[in-house]
Amino acid sequence: QLQASGGGLVQPGGSLRLSCAASGLTFSAYDMGWYRQAPGKERELVARITSGGRENYADAVKGRFTISRDNAKNTVYLQMNSLKTEDTAIYSCHANFASFNNWGQGTQVTVSS
């Protein structure tokens, strides 16, 4: 089970940190990712961190967002800085190990003045 939290309303240029707590899986073995879906658009990968700690980011968020994980807390984070209105979306976390995929419920992020 994946439980995301930390979404909310923020002004352009502001920051938010999303958290996704995992349970019922060997967290350290999983690659973890954050995806987002804006109204009328396809879901897209935002950032991903492998079990070994390798990170990759969508071009749209490079330099502004940072993904991290704390295996002791079974939690993955997404630090979002310099937020833009186009970052408004529902953000969901994802866990992957081999052919196993698990999605958490989304958390709404709204960037608006």
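Biologist: Over how many bridges do strand β3 (residues 16–22) and β8 pair?

Modeller: This is a predicted model, where local features need pLDDT of at least 70, side-chain atom pairs count only at pLDDT 80 or more, and totals for chains, interfaces and linings use all residues. Residues are numbered from 1 along each chain as its sequence is written, and side-chain values use heavy atoms, with hydrogens and water left out. Two strands pair if DSSP finds at least two bridges between them. β3 and β8 run in the antiparallel sense, and the count of bridges is six.

Biologist: Which residue in β8 stands opposite S19?

Modeller: Look along β8, residues 75–80. Opposite S19 stands Y77.

Biologist: How many bridges join strand β7 (residues 65–70) to β8?

Modeller: These strands run antiparallel. In β8, M80 stands opposite F65. The number of bridges joining β7 to β8 is six.

Biologist: How many of the six residues of strand β8 are buried?

Modeller: Buried means under 20% relative accessible area, exposed over 50%, and partly exposed in between (1.4 Å probe, protein chains only). Strand β8 is largely enclosed by the rest of the structure, because the number of its six residues that are buried is five.

Biologist: How many helices and strands are there in the chain?

Modeller: Both are DSSP runs, numbered from the N terminus: helices are H or I with at least four residues, and strands are E with at least two. Read along the sequence, the pattern is β-β-β-β-β-β-β-β-β-β-β. The counts are zero helices and 11 strands.

Biologist: What is the radius of gyration of the chain?

Modeller: The radius of gyration is taken over C-alpha atoms, and the globule rule is 2.2 Å times the number of residues to the power 0.38. For 113 residues the rule gives 13 Å, and the chain comes close to this, so it is as compact as a globular protein of that length. Its own radius of gyration is 13 Å.

Biologist: What share of the 113 residues of the chain count as buried?

Modeller: Consider the whole chain. Its C-alpha trace spans about 40 × 25 × 25 Å along the principal axes. Of the 113 residues, the share that count as buried is 43%.

Biologist: Is V109 buried or exposed?

Modeller: V109 has its place in strand β11 (residues 107–111). Its relative accessibility is 0%, so V109 counts as buried.

Biologist: How far apart in space are V109 and A89, C-alpha to C-alpha?

Modeller: Contact means heavy atoms within 4.5 Å. Leaving aside neighbours within four places in sequence, the contacts of V109 include L16, L18, M80 and A89. V109 and A89 are 20 residues apart in sequence, and their C-alpha distance is 5.5 Å.

Biologist: What value does the phi of N74 lie near?

Modeller: Most residues other than glycine have a negative phi. N74 has a positive one. It lies in the loop between β7 and β8, in a hairpin with four residues between the strands. N74 is partly exposed at 25% relative accessible area, and its phi is near 50°.

Biologist: What is the relative accessible area of A98?

Modeller: A98 sits in the loop between β9 (89–97) and β10 (100–103). Its phi is also positive, near 55°. A98 is exposed, with a relative accessible area of 65%.
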